[in-house]
Amino acid sequence: MSWWWRCLRTAVRHAVLEQARNRLALALVVFFVPLWLWLAYRVLPDTPVRFFLRAAGHPVSTGANTVTQLSGALHSIALIVGFMMFLATSRSTEFDRRLVTAGFPKVCLLLAKNTVLLLSAVLTGSYATVWLCFFWRPERLDVMVAAFAGGALTYGGAGILLAAVLRSELAGMFLVIMVSFVDLGLQNPVANPAADSPLLRGLPAYGAMQSAVSASTGTLTPWHQLLLSGCWAVALAMAGPLVLTLRGGRWRGTLTLLKRPGGATGTGRNAAWRLRHPVLSLIYRRAGITDPALVTGYEACRRLVRSSGPMEIAFTQLISARVRPLFWAMYGYVRVIDDLSDDTGDGDQDRAARVSAFSLALEADLRQGRSSDPVRGALVHAVWTWNLSSEGLASANAVFRMDAARQTEFANWDEWHTYWDTLAFPFDVSRPTALLGAPGLFLAPRDAEALRRWNHAFNLIDCLGDLHQDAENGCIKLPATVLGQYGVTAEDLRLKQPGAQFATMVHALAGQAREWLGQAASIGAQHPPVAVAFRTLVELQHLELRRIERNPQALLDGRRPPHPVRFQYTLLRGRLRVARAWQRHRPTGSVTTAVLPAPRPAAADHGPRTSQALLPPAPHPGGAVPPALSGRRMPQHVAIIMDGNGRWAEAQGQVRSAGHHAGQHALRDVIYGALEIGLPCLSVYAFSTENWARPAADIETVLSVVSSGLDMNTEELWRRDVQLRWSGSTDDGRLPAELVDRIHRTTRATRERTGLILNVCLNYGGRHELAHAARALARQAAHGGLDPDRITPRHLARHLYQPDLPDVDLLIRTSGEQRTSNFLPWQSTCAEYLFLDPLWPDIDRTHLWAAISTYATRDRRLGTTK
Ligand code: IPE
Ligand code: IPE
Ligand code: MG
């Protein structure tokens with residue numbers, strides 16, 4: 001029973017949220033109903049008109065304005081509730097179908113819809129009755145509410161029915177308007193002198209209108225009319241779901257597939273957990289987590305998140321449901337290890353030893369691909385599933401060990417930043433797309449810095465909140481320079497006597513956090529759901545900062561929960577906005593398509609020898625400017641097969657090498673164009689594995705053009721903010737060692753650049769790349785680190801030459817050839833193709849912009865329907 005009850009509660013919550021999103025309907029109820037009542041009251045005379053009251057069995061005399069108020073109020077309520085139910089049902093049909101397919105009981109969805117209908121009808125009915133009392137007092141308020149609610153229920157039911165049979169929202173709305181217009185128009189004696197015709201008794205709102213007039217004039221209860229209205233409401237409310245069920249297609253559930261826990265479904269052990277919580281089970285199933293042991297681990301992590309601070313919970317609620325398990329697993333690991341290092345019962349040595357044991361076990365588990373510990377098991381699974389690199393794990397674990405030994409101290413802000421950067425990015429979560437659940441989204445690399453700033457602000461606020469606990473532990477997580485500047489010591493804080501300057505220090509730190517939050521404002525600018533989620537988080541953090549500033553001394557009494565109403569209101573508003581943003585920006589592609597290198601400490605070879613300022617791209621010689629495109633329409637990754645150099649040279653009466661040199665200029669202009677339009681990633685095909693079959697002279701020219709280009713351009717690339725990557729076979733020994741060395745030097749030198757990723761495909765062959773990935777997987781399987789039966793496309797994608805680049809959105813080939821010549825086959829499976837006639841040396845940035853504009857007009861369904 002409790003399972004059904006939980007399903008119902010979840011379904012009702014979703015149905016209510018769905019209605020709450022319909023702001024137009026809410027505004028209509030709030031403003032239109034009183035406006036209409038006022039207009040009818042003021043404009044129409046109160047001349048008596050005759051109304052045949054069936055409950056009394058004789059006509060009664062009532063004012064024209066009164067009866068018009070009643071029919072108008074009924075009309076507006078009926079229309080608004082009909083409209084709300086129609087929209088909510090038609091928009092949620094697809095989601096409901098998926099829920100039913102996943103085993104959600106259909107009857108709960110139907111009950112939820114009817115509960116919301118009943119709730120909306122009673123609320124709007126009561127609201128209209130309250131307004132009516134401002135003009136005159138009905139004899140029977142209860143009957144008036146019931147009459148209005150009856151009309152609303154009838155038309156709400158009609159809304160559900162119409163949503164079941166009609167696909168077009170316009171047609172549905174039009175029908176609701178027309179039917180209610182005829183229905184209520186005919187029953188108003190002011191508009192229709194023959195309103196007492198027995199023929200009208202068959203109209204849906206007849207019972208409601210009769211009851212309303214009865215409530216206004218007499219004290220008797222019009223049972224028959226109320227019952228009639230109720231019958232219409234029930235019949236219509238039941239007819240919609242019935243039609244949906246009979247039509248099958250849209251709601252044909254797979255109830256046979258999934259039954260209650262423990263039911264004899266024959267689906268094995270998985271059924272047991274799957275049905276414990278309907279929405280959770282859906283989340284796990286969509287993430288491909290079906291093993292009960294894994295679910296147990298993820299659930300343990302999820303509970304750790306729920307028992308954490310409100311900000312962490314808010315974060316989980318704002319990110320897409322599809323990546324929540326990833327966040328749970330990562331947070332679970334951090335919490336467990338943090339709890340181990342915070343444990344006050346042990347001595348420093350013991351604590352450090354336990355943290356060390358846990359982190360070493362995790363590193364071993366990651367190598368093996370499995371773990372016996374539930375939390376670590378979930379994390380290992382998450383790292384594999386979401387294709388995360390655990391490069392930073394060892395450093396993060398070292399930091400935790402330091403924490404456990406109470407050795408964490410920050411001399412200055414630099415050390416403080418490095419500490420939080422190390423902890424924030426142990427699993428390459430600098431890939432915000434994976435973290436925020438924006439698959440297919442490629443956040444501009446420049447967002448990495450903003451994300452870092454946000455992380456700093458988050459941790460600074462957290463440190464202030466933890467001041468009391470940290471003081472107890474004797475380990476204040478603030479830079480010593482700051483504490484020194486304000487004369488604050490850990491001991492004073494522990495004794496809660498922090499000195500006169502403590503409040504000033506807290507204000508200064510809050511100001512610093514605010515500044516960082518301001519720098520994080522641009523996160524996700526290209527992806528509205530991410531941007532909205534971050535805006536909400538930032539708003540919540542500002543609330544927290546205001547609270548801290550109001551009473552700095554309270555920080556020493558322990559962590560306080562945030563203001564319940566303001567915090568929850570801001571969060572709820574944010575969640576609704578995020579949900580709406582996701583509706584408009586449906587995800588495309590896979591979660592693995594993310595790129596953002598984790599911030600690395602600055603090193604000597606991170607830039608050219610001189611520390612020059614960055615330059616904007618050189619302008620187009622003809623003054624052309626890029627077209628304005630919405631971020632949503634921008635491809636994230638464009639790949640170009642630069643073909644036609646030879647033919648261009650021949651057409652000019654020159655040797656082929658001249659074509660390759662001219663091609664080099666074309667490429668430079670296209671790179672500027674990519675920078676100007678804000679393209680995050682550009683791949684270019686420079687030399688294929690098949691090109692080794694060319695005459696030696698041609699090969700030599702191409703390679704020397706690349707080599708000299710690299711030599712000349714390292715600084716240029718750096719200054720124009722371009723990050724160079726190389727895709728191609730490294731191990732066949734065919735490329736000159738000197739060239740390979742040059743490429744490595746340039747990639748190293750530009751790896752901090754964030755304006756554009758230029759992926760040069762040199763000695764590249766798609767089949768070689770796939771074979772290379774297959775070899776890596778085979779090696780892992782042979783060492784027992786990978787179960788061959790669990791290999792998925794994600795596993796293979798991890799071993800591509802540049803695994804963190806997004807899939808190709810647009811693939812362009814020049815020179816009129818219409819083939820892909822072994823170029824990025826894995827990455828281009830869902831790409832749009834564009835074949836251009838000009839030869840590569842004739843191409844410039846305007847061609848790239850035109851191609852991107854064409855791409856923006858294409859309808860990318862990616863396997864789905866419209
Ligand atoms: C493309 O131009 C450049 C490389 C293959 C390096 P081509 O050399 O293929 O020129 P065409 O196709 O012969 O004109
Ligand atoms: C594709 O051009 C390879 C590069 C542009 C580097 P090719 O000219 O070599 O390809 P095919 O021979 O026409 O397929
Ligand atoms: Mg060619």
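Reader: Hi! Which helices each supply at least two residues of the shell around ligand 1?

Author: Those are helix H26 (645-651) and helix H27 (656-677). Helices here are DSSP runs of H or I with at least four residues, and strands are E runs of at least two, numbered from the N terminus. This is a predicted model, where local features need pLDDT of at least 70, side-chain atom pairs count only at pLDDT 80 or more, and totals for chains, interfaces and linings use all residues. Residues are numbered from 1 along each chain as its sequence is written, chains are lettered from A and ligands numbered from 1 in the order in which they are written, and side-chain values use heavy atoms, leaving out hydrogens and water.

Reader: Thanks! Which helix gives the largest share of that shell around ligand 1?

Author: H26 does, with 3 residues. Among the residues surrounding ligand 1 are Gly646, Arg647, His660 and Val702; a residue is near a molecule if one of its heavy atoms lies within 4 Å of it.

Reader: What lies 2.7 Å from an oxygen atom of ligand 1?

Author: A polar side-chain atom of Asp643 does, and an N or O atom in the side chain of Arg694 is also 2.7 Å from an oxygen atom of ligand 1. A polar backbone atom of Gly646 is 3.0 Å from a ligand oxygen. Such a polar contact is a pair of N or O atoms within 3.5 Å. The protein buries 86% of the 370 Å² that ligand 1 exposes when taken alone, with areas from the Shrake-Rupley method and a 1.4 Å probe.

Reader: Okay, on to ligand 2. Which strand gives the most to its shell?

Author: Strand E4 (residues 681-688) does, with 4 residues. The shell around ligand 2 includes Tyr685, Phe687 and Arg813.

Reader: And which side chains have an N or O atom by an oxygen atom of ligand 2?

Author: For Ser821 the distance is 2.6 Å, for Arg819 it is 2.7 Å, and for Arg694 it is 3.2 Å. Of the 380 Å² of accessible area that ligand 2 has on its own, the protein covers 78%.

Reader: New topic: where is Met178?

Author: Met178 sits in helix H6 (residues 169-187).

How values were computed:
A polar contact is a pair of N or O atoms within 3.5 Å; within protein, one must be able to donate a hydrogen and the other to accept it, and residues adjacent in sequence count only if both atoms are side-chain atoms.
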